[in-house]
Amino acid sequence: RTVMTGSFEQAILDIRGQALGVPIWQLLGGRYRDQLPITQCTGYKAPEHTAEDAQWGWEHGFRSYKMKCITQNETTPEARINYVADRVEAIHAVLPDMIVRPDIRWRLKEVWAVQELAGRLQGHKLDSLESPIARRKTANYSEWRRLRQTISFPVADHEIGKHTSELQSRTNLVCRLLLEKKKTTLHLPLLHYIYFFLSSSIFLF
C-alpha cells in the first residue's frame, strides 16, 4: 500500500458513503471513537491577527491551529524566523494549550535557520514544523535527516501535483466509473475533492 493508494481509498469511501447515505465508519465495520480532533487552518496574518483568529477557533472547539508562514515581505532569514516565531508566541500568549503547526512552505530554506527557529520555540506546543527547508534538499533526504536529528520537533513535508497528468487521468477514470455505475451525481466541488486527495500527500518524520 502506498500513500497514493490511501488517498484514493479515502476519496472513494467518502463518495460511497454519500451515495449510500451512511457515515464512513459504518463502511469500515463500526465506530472507533465518538470524537475526532479537527485542525483550524489559516493563511498569512500579522501576529496580532493570528492570535485573534486562534482565539475564535478555540471558542468554536478547535484545539490545533495550522498556519501558512512567510510572505514575500520577509526577505532575510532573520525576518522569516521572526515572522514564524512571533505568530506562534502571539497564539500561546493567549492560548497556551493550543497546538500549532507552522506550514513554512520550504521558505526557511536552510537547516541552520530551522534550528534557530526551533530553539526559539522550545517549550511551545507544536505538532510539527511543516515543509521547513528548500525542496531541492529533499532529493536524498540527508538534510532532512540532519534537521530531524538536531531539533526536538517532528518535521513534516507534503507534495502536491507531482505527477499532474497521471493524477488527472486517474481522476477522470474514477469519475467515469462512478457515472457508469450511476452511484452518484458528480458536482464540481466533489471533482475538486477527488483530485485533491489523489494529488496531496503529507509525510511526517
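This is a predicted model: local features need pLDDT of at least 70, side-chain atom pairs count only at pLDDT 80 or more; totals for chains, interfaces and linings use all residues.
Reader: How are two packed helices described?

Author: You give the angle between their axes and the distance between the axes. Take H3, residues 47-59, and H4: their axes are 8 Å apart, and the angle is about 45°. That makes H3 oblique to H4. The crossing of H3 and H4 is right-handed.

Reader: Which residues make that contact?

Author: From H3 you get Pro47, Thr50, Ala51, Ala54 and Gln55, and from H4 there are Asp86, Arg87, Ala90, Ile91 and Val94. Sorted by type, the contact of H3 with H4 has six nonpolar, two polar and two charged residues.

Reader: Now H4 and H5: at what angle do their axes cross?

Author: Roughly 30°, with the axes of H4 (residues 77-94) and H5 (residues 111-120) coming within 10 Å. Angles under 35 degrees count as roughly parallel, so H4 is roughly parallel to H5. The crossing of H4 and H5 is right-handed.

Reader: And which residues of H4 and H5 meet?

Author: On the H4 side, look for Pro77, Glu78, Ile81, Asn82, Val84, Ala85, Asp86 and Glu89; their partners in H5 are Trp112, Ala113, Glu116, Leu117 and Arg120. The contact of H4 with H5 divides into seven nonpolar residues, one polar and five charged.

Reader: Then what lies over the face of Trp58?

Author: Arg63 does, at 3.8 Å from the ring centre.

Terms used: Residues are numbered from 1 along each chain as its sequence is written. Side-chain values use heavy atoms; hydrogens and water are left out. A charge sits over a ring if NZ of Lys or CZ of Arg is within 6 Å of the ring centre and within 35 degrees of the ring normal. Axes are lines fitted to C-alpha atoms, for helices over the stretch in contact, and angles run from 0 to 180 degrees between N-to-C directions. Helices (H or I, at least four residues) and strands (E, at least two) are DSSP runs, numbered from the N terminus. Angles under 35 degrees count as roughly parallel, over 145 as roughly antiparallel, 65 to 115 as roughly perpendicular and the rest as oblique. A crossing is left-handed if the near helix is turned anticlockwise from the far one by less than a right angle, and right-handed if clockwise. Contact means heavy atoms within 4.5 Å. Ala, Val, Leu, Ile, Met, Phe, Trp, Tyr, Cys and Pro count as nonpolar, Asp, Glu, Lys and Arg as charged, and the others, Gly among them, as polar.
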